[in-house]
Amino acid sequence: LVREIDALDGLMARAADIAGIQFRLLNRRKGPAVQGPRAQADRKLYRQAIQRLLADCGGVQIVEGEVVDLCTDRGQVCGVVLRDGSTLGASAVVLTAGTFLNGILHIGDVRQSGGRVGDAASQRLGERLSDLDLGRGRLKTGTPPRLDGRTIDWTRLQQQPGDDTPVMFSFLNDRPSARQISCGVTETNERTHAIVRDNLHRSAMYGGHIEGVGPRYCPSIEDKVVRFADKSGHQVFLEPEGLDDHTVYPNGISTSLPEDVQKAYVQTIAGLEAVHILQPGYAIEYDFFDPRGLTTGLQVRNMPGLFFAGQINGTTGYEEAAAQGLLAGANAAALALDAPPLVLHRSESYLGVMVDDLVTRGVTEPYRMFTSRAEFRLRLRADNSDVRLTPVGLALGCIGAERAASFKARSEAMQGFAAQLHATRIPGSALPSIQSDGAVRSLWDWARFPGAEWPVLHQAAPHLEAPADCIETVLTDARYAVYVERQEADVVRLKRDDSVIVPRGTIFADIPGLSSEMAERLTRAQPETLGQASRVRGITPAALTALLAWIRRTQAKAA
């Protein structure tokens, strides 16, 4: 998602590269389709980088204040009201409320209003939005206690260094800016688990103080102890929050247990026996709104001019929020300029997959993006995000001059290298390390054989040269070419269905052949296309047939 943000000239990847103090490519041993870059960022450097990058953006004015209400005119949003009573007029408004809408912090049985520690919750805006009839719910997320790194015995911990050759997030960067560090790795044990088990009744989550649903894939230490009772230990990654900051984030032990219990269980962990807790962990519960009330451009259907992005749509994670913010921002700008909207299909981007999942299926728990959610992930790789999306951004007008020039140079290099691979034909005997039938093939075709890494191919054709990042992307295209071609029919069929428009305001209960259950599901989802309808949870092939027949009859009558 961050690579896709970067491909559309968003700022997150550039800030991550400036602030990154450790870079690792996840799933390096697996195929490129599931590999993804990860960065541990210095919080202060990241904040400074974002402020500097924003200051360099022309036409941006930053106003600090709390939004407490919306300005409307004949059912359309036309600005916002701030706490001091002033208003900001706007052709479109994007709300990225995070965990602040009616946020409540929980530490054991202690609860207080807040969007995060040290910041007040957004209550007046939460009450205002509840009037929109969007379907409001509660979700929760959690955070671990922050530790004082000076009180950690680092000699007892396993060290986890970054990659020797870091993979950057932005296509505009090729090396880190900040000093690189190692993280520490330790793990919980039976003593840790016993303390947690004995105090489950004091946990905000297990004590019945929280009604919101938490993220299944980022469980708290209480969830781990209960759900994985057979495990004797769980890894804890000790991540420094900055180069000149003693605060350490113990990734893997988020909690809503009381502070005294947190201290007791943390100090049973190897290396943390004498650790000092700077800030206890806590759970935060907040409002979200059913994303099925949004268009594919993230505009609220029954409130034109209002766009939602991030946790307000039921997602969790900085990357998911930033990607939605880019899409919502682009479409808000398009609305204000009366320009074509930014529409991303699920076959061409993870951002498209995420938005399609949200607006067609809704959420029952905080939504996170996984490669497994994308049926065309062989096409949707981190290394080719620019190839897929920068042309879209260029057509939309959201790509700056620096990225346009960089993309042009990279595209020409990749096209030239691919052409050379196709044109260079060699016999299998020239590749002794590859098991083959001895036939003469192009290097493009040889790239699909096991063991056909670039050093092997380059040795057989030393005249071929290209930038390292271009080589990797083109060779991956070559390896996956046969499989991607097989998927093309599925992509064409999916896009064909997504081109069949479901008329706005359709009364599904009146469509012959639709059961009341199917009509109810479609009414709730309000699909914009037949393709979206097919992805609504529980919709049957028979229901789609009935819907398509009704659409065709309606179109015929209109003609």
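**Close-up views of a predicted model**

View 1. R24 stands opposite R38, a residue of β2. The model is predicted, so local features need pLDDT of at least 70 and side-chain atom pairs count only at pLDDT 80 or more, while totals for chains, interfaces and linings use all residues. Residues are numbered from 1 along each chain as its sequence is written, and side-chain values use heavy atoms, with hydrogens and water left out. Six bridges link β1 and strand β2 (residues 36–41) in the antiparallel sense; two strands pair if DSSP finds at least two bridges between them. Strands (E, at least two residues) and helices (H or I, at least four) are DSSP runs numbered from the N terminus. Of the seven residues of β1 (residues 20–26), five are buried, that is, under 20% relative accessible area with a 1.4 Å probe and protein chains only.

**View 2. The open sheet β3-β4-β5.** Three strands in the order β3-β4-β5 form an open sheet with antiparallel pairing. β3 (67–73) and β5 (87–89) are the edge strands, each with a single partner, so one side of each has no neighbour in the sheet. From one strand to the next the twist averages 30°, an angle between lines fitted to C-alpha atoms, taken between N-to-C directions from 0 to 180 degrees. Strand β4 (residues 76–82) is joined to β5 by three bridges. V81 has T87 in β5 as its bridge partner.

**View 3. The largest nonpolar core and M354.** A nonpolar core is a set of buried Ala, Val, Leu, Ile, Met, Phe, Trp, Tyr and Cys residues joined through side-chain atoms within 4.5 Å. The largest one has 58 residues, and L129, L306, F308, I312, L351 and M354 have the most contacts inside it. Helix α9 (residues 350–361) gives the most to this core, seven residues. Leaving aside residues up to four places away in sequence, M354 touches L1, E320, A323, Q324, Y367 and M369, where contact means heavy atoms within 4.5 Å. A second, separate core has 23 residues, among them I426, W454, L464 and A466.

**View 4. Helices α8 and α9.** Helix α8 (residues 318–337) packs against α9 at an angle of about 90°, with the axes 10 Å apart. This makes α8 roughly perpendicular to α9, the term for angles of 65 to 115 degrees. E320, A323, Q324 and L327 of α8 meet L351, M354, V355 and L358 of α9. By class, this contact has six nonpolar, one polar and one charged residues.

Conventions. Buried means under 20% relative accessible area, exposed over 50%, partly exposed in between (1.4 Å probe, protein chains only). Angles under 35 degrees count as roughly parallel, over 145 as roughly antiparallel, 65 to 115 as roughly perpendicular and the rest as oblique. Ala, Val, Leu, Ile, Met, Phe, Trp, Tyr, Cys and Pro count as nonpolar, Asp, Glu, Lys and Arg as charged, and the others, Gly among them, as polar.
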